[in-house]
Amino acid sequence: MNAHNMQMKCVLKKTGRPACMLIILLALFSSMAAGLLTYGKQNDDIFDMQLRLQQLGYFTGNADGYFGDDTVTAIMNFQTANGLNPTGLADPDTVLKIKSEDAVTKKAFIDQARNIQKLDLELKAGDSGKQVKQLQTLLQEKGYFKGDATGNYENQTETAVFLFQIVNHLPVTGIADSETISLLCAPGAIDLNKSDVKIVIQYGDSGSQVKFLQLKLLELGYFSGDCSAKFGKNTQDAVYEFQRRNGIAETGECDLDMRILLMTGKAVSYAEAIALEAVSELSEGDITKAVEKVKEQLTALGYYTGLIDTEFTHELTEAVYYFQLANGIQTTGSADKATRLLLNSGLCVTMDEFIKEMSEMPAMRDDAGHQVVLLQRRLLDLGYYLDSVNGSFDKKTEDAVKTFQRAHGLDETGIADTETRILMNSDQAYTYAESIELEELRQQEEKRHEIVLNICEKAKKTVSLPYEAGRVGEDFYGNGGLTYAVYLTAGIELHPTIALQYESAKALYGWNEDETLVEIGDQVFFMKGETLLTGICVDENAVVFASPDHACVVLIEQFTERSEYEFVGSVYYL
């Protein structure tokens, strides 16, 4: 507090009441002349005025010496109660009246208004009766209520009360409380048609109302610029965002609906709107920015592969359904609160994880669910299952599983156990067509193996029979004659002589010159000295042949390890 005011307070203590008032008035007029009692200023003179308005019951905030919106409101209410033009300015008449002994207090003003008209001192939405009708009539007279006075406190009446409170600088509640009704009944109530209060604040406006708007939007998190009291692009953008987040018409202007939200404290802050939007329910047909977020989340998790935009399509409904199914929550296809909370948590089962789990989950007759759907789809892809994919493990599904198991050498249980399912989903799984081919090859191999065994047995039975060059008989065999006779029993006709057998064998696909690759049933060619000989491999590294040196048919084991025999080549016919 400055020295001048300190001196004033000392004088007040030593002088009588008239002298005090004279000194106060002189000080106030001096302050006014200096332009100290104006909006946006902060000084001790404003502090003294706020104290006086507090004493009269009009100023309810903290007296801090700053001439802000609270001070403007207090002055307007004072001016209304004391029959002055409610401008909110600390003009000479207002200042004089504030400091006068006969200034009307707020309480006296309310009491006076009560005596003018007998009304219930708190009427609100939902009320009805004669008193509501009287309220509506008074609001009609002042230009705030345009409808018929029905006696029902409905939306139109509430809006009229809101508007009256805004224009007359009262707390904006939409409730006709004692203060609102008192002012409405008083001669000083501002008529809407004569009011200079701008109800709609728009681009290009400036002044205290714009600053009030900016401060409110700043408080709610929509505005981050300088509260300059000028309605520019930043303010307009903030208004648009506020309107969108609060579900009112996006006009870019602060209209009555927006002012009601701001002044009643019912507005949703930006942080609250973001939190609500993050869990608001979305369903097919919705078009909103939140849908785009859900699509991004489901794309990252592998459930959605479509276009990422703001439209909730049928494709997204299916993606949400499978997400819900995979994560064990209610399957609706709509992105409800539980679904969105889970998506936002990041603690979700991905599509790949879900498919892996479902693809390995055992399934058996009478089971139903997504694991059966995946089983049927895989069996359909492989050609074992030809019916519709319905998610129900019926007899056709069971038969398909058995066929798959038989084709892959598994126990034919008809139960899609973990082993069966893992093999079914692997690269080693045969298609049904491949399994038919493999079965034919297996049967051919079995037949070939049986023929080979018969050839070997025939060859072994000739061991010790006498050798006779050029003979092909049951009791005597020449070297080429033995192979000729044995292979002929299997329907394989060779040339009768060893030389021709050798020349023919070298031209065949099955010719082999690596002694480590000789197999049972092969015809083997080898040299002993200068002589070309031939025989039949009847066991691992064991050969039967008609030996001129032994003068009989012999079985030589560890054939390739014997130095007297030099391997030339071998051939298989089966």
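Predicted model: local features only at pLDDT ≥ 70, side-chain atom pairs only at ≥ 80, totals over all residues.
Me: How many salt bridges does a search of the whole structure find?

Reply: Side chains of opposite charge can pair when their charged atoms come close. Here the search finds 20 salt bridges. One of them joins the side chains of R365 and E398, at 3.1 Å from N to O. This pair links distant parts of the chain, 33 residues apart: R365 lies in the loop between α17 and α18, and E398 in helix α19.

Me: Is E398 buried or exposed?

Reply: Buried means under 20% relative accessible area. E398 has 16%, so it counts as buried, whereas R365, with 37%, is partly exposed.

Me: Which residue pairs with K528 in a salt bridge?

Reply: D549 does, at 2.4 Å from N to O. K528 is in strand β2 and D549 in the loop between β4 and β5, 21 residues apart. K528 is partly exposed at 26%; D549 is exposed at 54%.

Me: Which residues are linked in a network of salt bridges?

Reply: E241, R244, R245 and E277 are linked in this way.

Me: Which residues gather in a patch of negative charge on the surface?

Reply: The patch is made of E284, E311, E315 and E318. Of these, E315 is found in helix α15 and is partly exposed, with 39% relative accessibility.

Me: What do the buried residues of α12 pack against?

Reply: They pack against α8, α10 and α11. The buried residues of α12 include L256, I260 and L262. After α12 comes G265, with a positive phi near 75 degrees.

Technical notes:
Residues numbered from 1 in each chain as written. Heavy atoms only, no water. Patch = residues over 30% accessible without salt bridge, like charges linked within 9 Å, V, L, I, M, F, W, Y side chains within 5 Å. Areas by Shrake-Rupley, 256 points an atom, 1.4 Å probe, with all protein chains shown as cover. Salt bridge = Lys/Arg side-chain N within 4 Å of Asp/Glu carboxyl O. Lys, Arg positive; Asp, Glu negative; His and termini not counted. Charge placed at Lys NZ, Arg CZ, Asp CG, Glu CD. Helix = DSSP H or I, 4+ residues; strand = E, 2+ residues; numbered from the N terminus. Buried < 20%, exposed > 50% of the residue type's maximum accessible area, 1.4 Å probe, protein only. Contact = heavy atoms within 4.5 Å.
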